[in-house]
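Take a look at the structure below. Then read the briefing that follows it.

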Amino acid sequence: MKVEIIERDDQYVLNHCTKYLARDTSDPRHDFGQYGPGDPRAAVCEAWRFPVVDTHWDGVSAESSYPFNDVTFVHDGRAAAPAVVTVTGTFGPLHAPVPLRPLLFAGEPTGFSAVTVRVPKGQVHTYKLGVDGAYVVDPVNPQRTVFDNGETWSRFFTDACAVPLVLGRAERELLGRLVAHLLPFRLEENRRFIRGVYESLDRAARNEEFPLAYQLDDEVGTVNYIDKLLARQEQHNADDYRTCLGIIGDLLRARSGGLDPATVPPEMYADLYAQMETEQVEGWDHGRYGSPRHFLLLLRRHAMTGAFVHPRHGGNAGAAGWTYLENRFRDGRGDTLFDWRRALESPLGNNTDYRG
């Protein structure tokens, strides 16, 4: 598996990283508080942005470029400039580390080094940096994975990834019921529409119309979107989900006589939502989580965002949420008021200027 290095100029990399990394880390006011004392990630604003996962352009067409991302690894060597920095990961041969090159600004060294590689969308990879021969986790990337042998590696995932990273199977099934009840697609006519959008096409047409999409359901990929959100930019909310899904699962089992929470009638969810809204949930364990309403508001925000977000973020599978809006909102002549295809790149849309 050969690694394809993408040539990105120094200005591109610096534009993507300096406002997050270019800070005086010795100043306590620049400690953003997400991590413990001494952790270099604590001094990085929005550390989840690393490595940089961006759109790939092969110079030929949107269709041939769409299946890939450009992933840029960045090392900050301003404090102690290393002689050699490399990256080794599952995106390429583990025996062939990829060297990072020094970045210049106005012809002067910046202390940063970087390399950009092409990686297919929909994948999860682990990696380490080699700094003067010593392999270390990426100090600015908050995503990390501990293997069975106790080794910790840095992790990243590319656009449209559908591999579960944070939530377990039972948690995802329960969350699917929770968000499906919050979204407009649960109404029967809307459910028929969403399923019809996908199921009316043969396999070849599906691959062309909905690249990287998997089987659509009532929550149009929202659970996957939330899982990816908790794996990266909202890691701080992962404990909220684990705790509250546990409490809700226990409540629904108790109220249904022991049924699997993912199979209880929708009326039980409606009753639960109404109680969470008013903070009056009989049996809620406030010792584990103080405010059921706070979690409900968090869940609503994530559910609605996941249903209508750009599919690159793991939700709105196959742009089904946008297609729903396109058909739902029309003017007096029958023309759509939500022509999203004009704004999106091919093959999702028909905009020839936008590249995602």
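The model is predicted.

**The nonpolar core**
- The largest nonpolar core has 41 residues.
- Leu-175, Leu-178, Tyr-241, Ile-248, Trp-284 and Phe-295 have the most contacts inside this core.
- Five helices each supply at least two of the core residues: α3 (169-182), α6 (222-231), α7 (238-256), α8 and α9.
- Helix α7 gives the largest share, eight residues.
- Beyond its neighbours within four places in sequence, Ile-248 is in contact with Leu-174, Leu-178, Leu-272, Met-276, Trp-284 and Phe-295.

**Helices α8 and α9**
- Two packed helices are described by the angle between their axes and the distance between the axes.
- Helix α8 covers residues 266-277, and helix α9 covers residues 292-308.
- Their packing angle is about 115°, and the axes are 7 Å apart.
- From α8, Tyr-273, Met-276 and Glu-277 take part in the contact.
- They meet Pro-292, Arg-293, Phe-295, Leu-296 and Arg-300 in α9.
- By class, this contact has five nonpolar and three charged residues, but no polar ones.

**Cavities**
- Rolling a probe the size of a water molecule over the atoms shows where empty space is left.
- The structure holds three cavities of 30 Å³ or more.
- The second largest cavity holds about 70 Å³ of space.
- Its lining includes Phe-157, Cys-161, Tyr-225, Lys-228, Arg-312 and His-313.
- Helix α6 gives the most to this lining, with three residues.
- The lining of the second largest cavity has five nonpolar, four polar and three charged residues.

**A buried serine**
- Ser-113 lies in strand β6, which spans residues 108-120.
- Ser-113 is buried because its relative accessible area is 9%, and the cut-off for buried is under 20%.
- Residues touched by Ser-113 include Phe-73, His-75, Val-85 and Arg-101, leaving out those up to four places away in sequence.

**Backbone details in the loops**
- Phe-50 and Pro-51 are joined by a cis peptide bond, with omega at about -10°.
- Pro-51 is in the loop between α1 (10-21) and β1 (52-55).
- Glu-279 has a positive phi, near 65°, and is not a glycine.
- Glu-279 sits in the loop between α8 and α9, and is partly exposed at 28% relative accessibility.
- Asn-316 is not a glycine either, yet its phi is positive, at about 50°.
- Asn-316 is in the loop between α9 and α10 (320-328), and counts as buried at 0% relative accessibility.

Note on methods: Residues are numbered from 1 along each chain as its sequence is written. This is a predicted model: local features need pLDDT of at least 70, side-chain atom pairs count only at pLDDT 80 or more; totals for chains, interfaces and linings use all residues. Side-chain values use heavy atoms; hydrogens and water are left out. Helices (H or I, at least four residues) and strands (E, at least two) are DSSP runs, numbered from the N terminus. Buried means under 20% relative accessible area, exposed over 50%, partly exposed in between (1.4 Å probe, protein chains only). Contact means heavy atoms within 4.5 Å. Axes are lines fitted to C-alpha atoms, for helices over the stretch in contact, and angles run from 0 to 180 degrees between N-to-C directions. Ala, Val, Leu, Ile, Met, Phe, Trp, Tyr, Cys and Pro count as nonpolar, Asp, Glu, Lys and Arg as charged, and the others, Gly among them, as polar. A nonpolar core is a set of buried Ala, Val, Leu, Ile, Met, Phe, Trp, Tyr and Cys residues joined through side-chain atoms within 4.5 Å. On a 1 Å grid over the protein atoms alone, a cavity is a set of points where a 1.4 Å probe fits but cannot get out, and a pocket is an open set with protein on both sides within 12 Å along at least five of seven lines; lining residues have an atom within 4 Å of a point. Grid points are joined across faces, edges and corners, and a volume is the space filled by probe spheres set on the points.
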